[in-house]
Amino acid sequence: MKKIILSACLGLGVLLGAGAVQAAEGGVAWDKFKPDTTNTTSLQNGAKLFVNYCLSCHSAAFMRYNRLQDIGLTEQQIKDNLLFTTDKVGETMKAAIDPKQAKEWFGANPPDLTLVARSRASHQGTGADYLYTFLRGFYKDDTKATGWNNMAFPSVGMPHVLWELQGVRVPVYQEVEEHGHKTQVFTGWQQVTPGKMSSTDFDKSVGDLVNYLQWMGDPSQNTRMRVGVGVLIFLLGLIFITWRLNAAFWKDVK
């Protein structure tokens with residue numbers, strides 16, 4: 001019995017140790033973000049940001065442009081404002097960059113983002129939490145090839161495509177002593193040059209982009225929920241009618 005308990009404790013220690021290493025390698029703790037895929041204004045702004053800032057390198061190969069009509073855009077609005085990589089509204093969202101050039105510049109072909117919000121969930125939070133933290137976590141780092149680094153994804157190969165909106169900033173650390181060792185603890189940000197947006201407006205825009213990425217991962221979710229509510233209401237009404245009919249049929253028998 002003692003051997004079993006000891007083995008279980010050792011196994012738990014290994015798991016906790018591995019979890020601690022993974023958390024350390026994953027950067028800072030993720031900020032919490034609750035997406036609202038029913039907010040069409042937010043989704044439309046997120047779609048605009050995605051097409052203007054993400055689609056040049058990242059594809060969304062499982063999403064067609066005409067599906068954006070589900071978030072309140074007309075086909076003409078899509079053609080006039082969002083068709084930069086194709087001239088057909090029924091085409092999928094393919095990146096403008098050549099895959100060979102992308103691999104040469106960044107070391108790897110940028111991943112497809114159709115399901116990124118669903119695939120990035122972990123013990124630290126949801127995929128939306130990760131994306132919201134990641135997109136707001138870039139800072140200037142001249143030691144990197146791109147000139148940028150990220151608090152949520154250290155040594156990421158992706159440059160900060162939204163830097164004109166956010167501006168340039170660097171992290172601020174405070175030296176503290178823990179268990180007899182001095183460590184650097186992240187305490188905040190120092191703005192080096194301002195961006196086109198204030199910090200509040202930039203966070204809101206990133207939230208819109210994350211909202212869109214969340215919706216793009218499952219664009220039929222809102223429709224399913226509406227249909228599901230309708231079906232439940234119908235079934236409840238049918239159960240009530242059946243109950244009353246049953247009572248009427250058995251009234252005389254009793």
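This is a predicted model: local features need pLDDT of at least 70, side-chain atom pairs count only at pLDDT 80 or more; totals for chains, interfaces and linings use all residues.
Which residue's side chain meets that of Lys79 in a salt bridge?

**View 1. The salt bridge between Lys79 and Glu75.** The partner of Lys79 is Glu75, with an N to O distance of 3.3 Å. Both residues belong to helix 3 (residues 75-81), where a separation of 4 residues places them about one turn of the helix apart. Lys79 is partly exposed at 37% relative accessible area, and Glu75 is partly exposed at 35%.

**View 2. The salt bridge between Lys32 and Asp129.** The closest N and O atoms of this pair are 3.7 Å apart. Because Lys32 lies in the loop between helix 1 (2-25) and helix 2 (40-54) whereas Asp129 lies in helix 6 (residues 127-135), the contact ties together parts that are 97 residues apart in sequence. Lys32 counts as exposed, with 60% relative accessibility, while Asp129 counts as buried, with 4%.

**View 3. The salt bridge between Arg224 and Asp218.** Here the closest N and O atoms lie 3.0 Å apart. Arg224 is partly exposed, its relative accessible area being 47%. Asp218 has 18% relative accessibility and counts as buried, since the threshold for this class is under 20%.

**View 4. The network of salt bridges linking Asp31, Arg136 and Asp203.** A search of the whole structure finds 7 salt bridges.

**View 5. The largest cavity and its lining.** The structure holds 1 cavity of 30 Å³ or more, and the volume of the largest cavity is about 40 Å³. Its lining residues are Leu49, Leu162, Leu165, Phe202, Ser205, Val206 and Leu209. Helix 8 (residues 199-217) supplies the largest share of the lining, 4 residues. By class, the lining comprises 6 nonpolar residues, 1 polar residue and no charged residues.

Notes: Residues are numbered from 1 along each chain as its sequence is written. Side-chain values use heavy atoms; hydrogens and water are left out. On a 1 Å grid over the protein atoms alone, a cavity is a set of points where a 1.4 Å probe fits but cannot get out, and a pocket is an open set with protein on both sides within 12 Å along at least five of seven lines; lining residues have an atom within 4 Å of a point. Grid points are joined across faces, edges and corners, and a volume is the space filled by probe spheres set on the points. Helices (H or I, at least four residues) and strands (E, at least two) are DSSP runs, numbered from the N terminus. Ala, Val, Leu, Ile, Met, Phe, Trp, Tyr, Cys and Pro count as nonpolar, Asp, Glu, Lys and Arg as charged, and the others, Gly among them, as polar. A salt bridge is a side-chain nitrogen of Lys or Arg within 4 Å of a carboxyl oxygen of Asp or Glu. Buried means under 20% relative accessible area, exposed over 50%, partly exposed in between (1.4 Å probe, protein chains only).
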